[in-house]
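Here is a short note for someone opening this entry for the first time. Please read the points with the model in view.

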Amino acid sequence: MMRATRRLSAAALVMFVLAVLAVDMATSAPPDPFQAPPVLALGSGQASGGAHCSALPGD
Amino acid sequence: MSDQTLSTTPRASRAVGRAALIGVALFLCLAVAAFAGARYGLLLMIGFGFGITLEGMRFGFAGPWRAMIQRREPAGVLAQLVAIALVAVIAIPLLQSNADELIGAIAPVGWAMVGGAFVFGAAMQVVLGCGSGTLVNAGSGNPVGLVALPFFAIGSFFGATHLLWWTSLGTAPVVAFTGTTGLIVTLAALAAVAALLLFLAAPGTRTIPRRMWIAAVLLAIFALANLAVAGQPWGVVYGLGLWTAKGAVALGTDVAALPFWSAPANSERLGASILTDVTSLTNLGIIGGALLVATWRGGLAQKLPDLPARAWVGVIISGLLLGYSSRLAFGCNVGAFFSGISTGSLHGWAWFAAAFAGSAVGLRLRPVLGLEAK
């Protein structure tokens, strides 16, 4: 029997990413590009959001 | 048709295909910029940069650690230390002078943190993919990476959800190396580790290949760009846990009521699009960059491996453990090791030591699970 190639797993990966984006669109408020922060955080005067794996809630 | 035309046609068609790949990547970044905002399009582009560098230069974290442990070849780990040092030289002073705008990957050392890093090190050797490595492997069509990725995301969600309980077991005060003194301490510690690796190295393995130098410099550039654009260092696992949290919300779970997810920063992320989330965007970019390189090289024509069932069970369990443990450890090889050390966090060093010890254990599990010959 002929074995499948990585094209199959790449196609499955694209489906996975599309599924993540679809779930996100169904559960989140749509982004508003007119309310977006400045391109660079550095020099913006705005604090970082802090959504990072090293952040401990409450700190 | 002449012979010349016959030989140039495949080359021309390959060039068109490759131009199309670059065009698609740029289009996606511009689309995100138009749909969500310029910062977010730029972050996706930085993610593509990470992915192209890691896959294109065959640069990673799990593989070089394996090479050091099994064959005493330190080149890859030395290149990682070079990249971290390059980031530290700019990031540590920048964090001090722009404390209102930028944050480092600073976290406390604790029992769960050290244990999590140990488990992560073991699991990343089982699947031969760390945080960034799993994304790159999945993007390049590697089925082990593809299967590990969703379970990594699920594990990350549960690890984040249980994080506060785990940290209550015992956590030391946060220690951050800041300013000029902090930079000197960080560079001296990196140099000491490099010297130890060179001392332990097998003869003839003490030089870093040109490819790894280039990769280290490019990674440092993209990591600094990530910090300047996002205001926070490069990370991976937060975004993966967020993807699962959104899936749980879609299934009707009241995720926002859970203590971790009700914290202001996390609650805001839960309600906003992942196209405005820093680590989600760079993760998507890493996947896209690796896919681009794999397609460019024709790597998707490779046959899928014929692995035994126990190998796939091992991959699934390792994926879950990678996600869960990296949340307890306040990051993976990227968020804790690379970004933690380069922004002056002591937890990055504790992570390095514990994950390296875990890697030695994980390498022994691979033959047992049928992932390689005994």
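1. Some terms come first. Helices and strands here are DSSP runs, numbered from the N terminus; a helix needs at least four residues and a strand at least two. By that count, chain B has 16 helices and 0 strands.

2. This is a predicted model. For the complex, the predictor gives an ipTM of 0.95 and a pTM of 0.95. Chain B has a mean pLDDT of 95. In that chain, 97% of the residues reach 70 or more.

3. What are the overall dimensions of chain B? Its C-alpha trace spans about 75 × 55 × 50 Å along the principal axes. The radius of gyration is 21 Å, which agrees with the value near 21 Å for a compact globule of 374 residues.

4. The interior of chain B deserves a look. Buried residues make up 58% of its 374 residues. Among contacts with a separation of 6 or more, 83% join residues 24 or more positions apart.

5. Now two helix pairs. Two packed helices are described by the angle between their axes and the distance between the axes. In chain B, helix α4 (residues 75-97) packs on helix α8 (residues 179-200) at an angle of about 175°. Their axes are 9 Å apart. Angles over 145 degrees count as roughly antiparallel, so α4(B) is roughly antiparallel to α8(B).

6. Which residues make the contact between α4(B) and α8(B)? From α4(B) they include B:Leu78, B:Leu81, B:Ala85 and B:Ile92. From α8(B) they include B:Gly182, B:Leu183, B:Leu190 and B:Leu197. The residues of this contact divide into 15 nonpolar, 4 polar and no charged.

7. The second pair is set at another angle. Helix α2 (residues 38-56) of chain B meets helix α6 (residues 131-139) of chain B at about 80°, with axes 10 Å apart. The two helices, α2(B) and α6(B), are therefore roughly perpendicular to each other. On α2(B), the contact is made by B:Phe50, B:Gly51, B:Leu54 and B:Glu55. On α6(B), B:Ser132, B:Val136 and B:Gly139 take part. These residues divide into 3 nonpolar, 3 polar and 1 charged.

8. Last, the contact between the chains. How many residues does each chain give? Chain A contributes 44 residues and chain B contributes 69 residues. On the side of chain A that touches chain B, the residues divide into 27 nonpolar, 13 polar and 4 charged.

Methods: Residues numbered from 1 in each chain as written. Chains lettered and ligands numbered in written order. Predicted model: local features only at pLDDT ≥ 70, side-chain atom pairs only at ≥ 80, totals over all residues. Contact = placed C-beta atoms within 7 Å. Nonpolar A, V, L, I, M, F, W, Y, C, P; charged D, E, K, R; others polar. Axes fitted to C-alpha atoms, helices over the stretch in contact; angles between N-to-C directions. Parallel < 35°, antiparallel > 145°, perpendicular 65-115°, else oblique. Rg over C-alpha atoms; globule rule 2.2 N^0.38 Å. Buried ≥ 20, exposed ≤ 12 C-beta atoms within 10 Å, placed from the backbone. pLDDT = per-residue confidence, 0-100.
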